[in-house]
Amino acid sequence: MAVHRVSRLQPENIRGCLSRFSGSGSSLALRLGSSGAPESPGGNRNGGGPHQYSPRIHLMAGRIPVASLRTDVAKDMETVFVQNLIYAADVLSKEGITGMIEPINSRITDPRYFLDSPHQAAAILERVGKPNIKLQMDVFHWEIMDRNLTQNIHKYFPLIGHIQIAQVPGRNEPDSVGDLDFKYLFNMLEKLSYQGYIGCEYKPAGSTHEGLGWLKDYWTHSK
């Protein structure tokens, strides 16, 4: 889980804020404000305190056993996963924590990962039937698996509890060359009144500092 340390993020001090993060990747989460500009988890755009946002934890689905066919084990694996999620939901509810299930593409990233599409995830969530188990949407994985991102976001939006972004296919910054138009996606999420955070789960093409130029540009042009 990412640890969010930035109290407030402004275009002119992105570099200073990033000095608080370690590593070469991005571990930043943002929230779209009422005017379209992102916020960090630590404070709101009006200088107030942190948004009321319950802790999230990713509950992973596991992998198809080696030498097994997905079709042969899918039913049993889903049954076990549903049972585990129901149990986890009851445990997490006592701590005020929301569990997230995330489809991870099986075409490129992890060929043996069991949960690989938003459609499969939605069916599992319906069986689980717990309000504190939500869908974690990583647009990188959804686009690779289904190529129908706009319709899927609209269809499954009520189930979504967290969003992660990366360009396709390189998994780099949102403004890098690729298939996705993130200005369009952010505008769509705003129109849908998405209130959660957006996790920047991508591999910077260069340094982390250089890779966040898209954030400054988006903030500036969204005012």
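**Aromatic pairs and parallel strands**

Phe-182 and Phe-186 are four residues apart in helix H6 (residues 182–191) and are therefore separated by about one helical turn, helices (H or I, at least four residues) and strands (E, at least two) being DSSP runs numbered from the N terminus. The model is predicted, so that local features need pLDDT of at least 70 and side-chain atom pairs count only at pLDDT 80 or more, whereas totals for chains, interfaces and linings use all residues. Residues are numbered from 1 along each chain as its sequence is written, and side-chain values use heavy atoms, with hydrogens and water left out.

A search of the whole structure finds four aromatic pairs, where rings of Phe, Tyr and Trp (its six-membered ring) pair if their centres lie within 6.5 Å, with planes under 30 degrees apart counted as stacked, over 60 as edge-to-face and the rest as tilted. The rings of Trp-142 and Tyr-156 have centres 6.3 Å apart and planes at 90°, so this pair is edge-to-face. Trp-142 is buried, with a relative accessible area of 1% (buried means under 20% relative accessible area, exposed over 50%, partly exposed in between; 1.4 Å probe, protein chains only), and Tyr-156, at 6%, also counts as buried. Phe-182 and Phe-186 form a tilted pair, 6.0 Å centre to centre with 50° between the planes, and ring pairs link these two residues and Trp-214 into a cluster.

Strand S3 (residues 56–58) runs parallel to S4 and is joined to S4 by three bridges, two strands being paired if DSSP finds at least two bridges between them. Arg-56 stands opposite Thr-98 in S4.
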